[in-house]
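Here is a short tour for a first look. Keep the sequence and the 3D view side by side.

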Amino acid sequence: MTHPTPTLADLGHQTHSAAQHLARLSADDRNQALEAMAQALEAAAGAIVAANQADCAAAAIEGIAPALAARLTLGESKLRSAIAGVRDVARLADPLGTVQLARELDDGLVLKRLTCPLGVLGVIFEARPDAVIQIAALAVKSGNGAILKGGKEAVRSCQAIMDALRKGLSQSAVPPAALQLLTTRAETRGLLQLDRYVNLIIPRGSNEFVQFVQNNTRIPVLGHADGICHLYVDRGADLPKAIAIAVDAKTHYPAACNAIETLLIHSAIAPSHLPPLAAALQDKGVVLKGDDRSRQILPSLTAATPEDWATEYSDLVLSVAVVDSLAEALAHIDRYGSGHTDAIVTEDEATAAQFLAQVDSAGVYHNCSTRFADGFRYGFGAEVGISTHKLPPRGPVGLEGLVTYKYQVVGQGHIAATYSGDRPKPFTHRDLPQDC
């Protein structure tokens with residue numbers, strides 16, 4: 001007897017049911033599942049790398065963009081790092097069941113607010129197959145199910161990874177159905193319609209893609225569109241620091257959303273500092289596009305267009321502008337920045353403090369590279385993405401962004417009418433220890 005192929009709604013229901021079971025498990029059960037996932041990934045490492053090599057070869061034939069090619073590649077060292085990240089997540093504190101508020105409303109009537117899972121995450125991303133590992137680890141740790149949709153260029157890699165993860169879960173108390181992988185473009189639209197089963201959509205891709213997701217779902221969406229990050233070299237900057245930070249922020253991984261796309265430099269030091277800065281960047285293969293003032297100092301620079309200031313290159317390309325003051329740098333960032341991560345290089349503490357206070361981005365840095373905007377580097381174990389929304393979670397989203405809370409009220413036959421009317425009984429509203 002043949003069975004009908006499960007629909008996307010069936011898959012959503014399965015994930016929802018598995019997530020409900022997962023949410024009831026102990027922290028030890030979830031951590032044991034993470035270790036089982038890590039071991040299964042290690043056992044399948046050869047198959048995963050081979051699948052990724054096949055994806056990369058196919059992508060090269062199709063002429064994939066360099067930024068996507070960089071994100072797609074998953075070698076042995078990158079895979080080992082991702083597996084280590086699973087174990088790092090297991091070592092993090094349990095995010096569930098934390099009492100955030102304990103309050104006596106009246107004698108014998110107690111209110112508590114406790115953290116709990118969101119339910120089911122729908123994550124759509126381009127290229128990066130290691131994202132499957134990060135998201136799966138965070139989902140299991142936080143008690144959430146996850147439905148993942150990777151890009152077509154990474155389908156072999158993602159399938160090999162998911163096969164290993166589910167094999168690991170089969171050796172644990174977590175139902176393998178808590179993790180699902182979608183592989184077709186049609187399923188992306190279908191996922192966006194699963195508002196009955198999916199509680200949060202996390203898109204990771206281009207500005208156009210994120211806007212498409214936001215416009216085509218009733219499910220809450222968490223994510224960022226562009227990663228237009230700035231580095232401002234102030235008149236009080238130390239030149240060796242500025243060079244090291246600029247080179248790292250642009251060239252360490254130019255395809256990353258936390259790489260800088262614009263370098264701003266104070267006019268008082270531009271004649272002396274811009275040439276060595278430009279030389280160090282160009283030695284790393286960076287193409288510089290300058291405004292009129294920077295091209296007066298370095299005539300060989302390509303002329304920047306108005307569009308360049310609002311472009312996320314995700315490549316070895318950097319726009320350069322000369323500004324006359326901190327205020328002008330702040331105005332430029334306010335106009336063109338995407339609210340992701342922006343940094344200043346200066347030895348002037350007052351100027352740095354003003355920059356840190358006035359730049360309205362998820363990450364604002366002083367004398368360090370924007371490349372630190374990352375959940376692993378923040379000690380979150382991993383991240384499901386970076387949010388540039390003003391409301392929390394903001395910045396790299398780890399476990400704390402994947403839990404919500406519920407209010408529990410326990411009484412002894414209390415009724416609301418007692419506290420209203422002509423002679424209402426007053427509430428005590430007495431805060432209690434959170435471990436009560």
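Is Asp88 exposed, partly exposed or buried, and why? Asp88 counts as partly exposed, because its relative accessibility is 22%. The cut-off for buried is under 20%. Keep in mind that this is a predicted model.

## A salt bridge within one helix

Asp88 has a charged partner. Arg91 forms a salt bridge with Asp88, and the closest N and O atoms are 2.5 Å apart. Both residues belong to helix α5. They are three residues apart there, which means a separation of about one helical turn. An α-helix has 3.6 residues a turn, so residues three or four places apart point the same way. Arg91 counts as exposed, at 62% relative accessibility.

## Salt bridges across the chain

The whole structure holds 16 salt bridges. Side chains of opposite charge can pair when their charged atoms come close. Glu347 sits in the loop between β12 and α14 (349–358), while Lys241 sits in helix α10 (residues 239–251). The pair therefore ties together parts that are 106 residues apart in sequence. Glu347 is partly exposed, with a relative accessible area of 41%. Lys241 is also partly exposed, at 36% relative accessibility.

Lys390 and Asp360 form another salt bridge, at 2.8 Å from N to O. This pair also links distant parts of the chain, 30 residues apart. Lys390 is in the loop between β14 (385–387) and β15 (395–397). Asp360 is in the loop between α14 and β13. Lys390 is exposed, with a relative accessible area of 57%, and Asp360 is partly exposed, at 46%. Elsewhere, salt bridges link Glu35, Glu42 and Arg87 in a network.

Which residues of α3 are buried? They are Ile48, Val49, Ala51, Asn52, Asp55 and Ala59. These residues cover an arc of only 160° around the axis, so they lie on the same side of α3. The other side of α3 has Gly46, Gln53, Ala60 and Ile61, which are exposed. The buried residues pack against four helices: α2 (27–43), α4 (66–72), α5 (76–91) and α7 (155–169).

## The seven-stranded sheet

Now turn to the strands. Seven of them form an open sheet with parallel pairing, in the order β10-β9-β11-β8-β7-β12-β13. At the edges stand β10 (302–303) and β13 (363–366). Each has a single partner strand, so one side of each is left without a neighbour in the sheet.

Inside the order, β9 (residues 287–290) pairs with β11 (residues 317–323) over four bridges, in the parallel sense. Gly290 stands opposite Val320 in β11. Helix α11 (residues 270–283) packs on the sheet and touches β7 (229–233), β8 (260–266), β9 and β11. Its direction makes about 155° with that of β8. Helix α13 (residues 326–336) packs on the sheet too, touching β7, β8, β11 and β12 (341–345). The direction of α13 makes about 175° with that of β7.

Definitions and conventions
Residues numbered from 1 in each chain as written. Predicted model: local features only at pLDDT ≥ 70, side-chain atom pairs only at ≥ 80, totals over all residues. Heavy atoms only, no water. Buried < 20%, exposed > 50% of the residue type's maximum accessible area, 1.4 Å probe, protein only. Helix = DSSP H or I, 4+ residues; strand = E, 2+ residues; numbered from the N terminus. Arc of directions from axis to C-beta. Contact = heavy atoms within 4.5 Å. Pairing = 2+ DSSP bridges. Axes fitted to C-alpha atoms, helices over the stretch in contact; angles between N-to-C directions. Salt bridge = Lys/Arg side-chain N within 4 Å of Asp/Glu carboxyl O.
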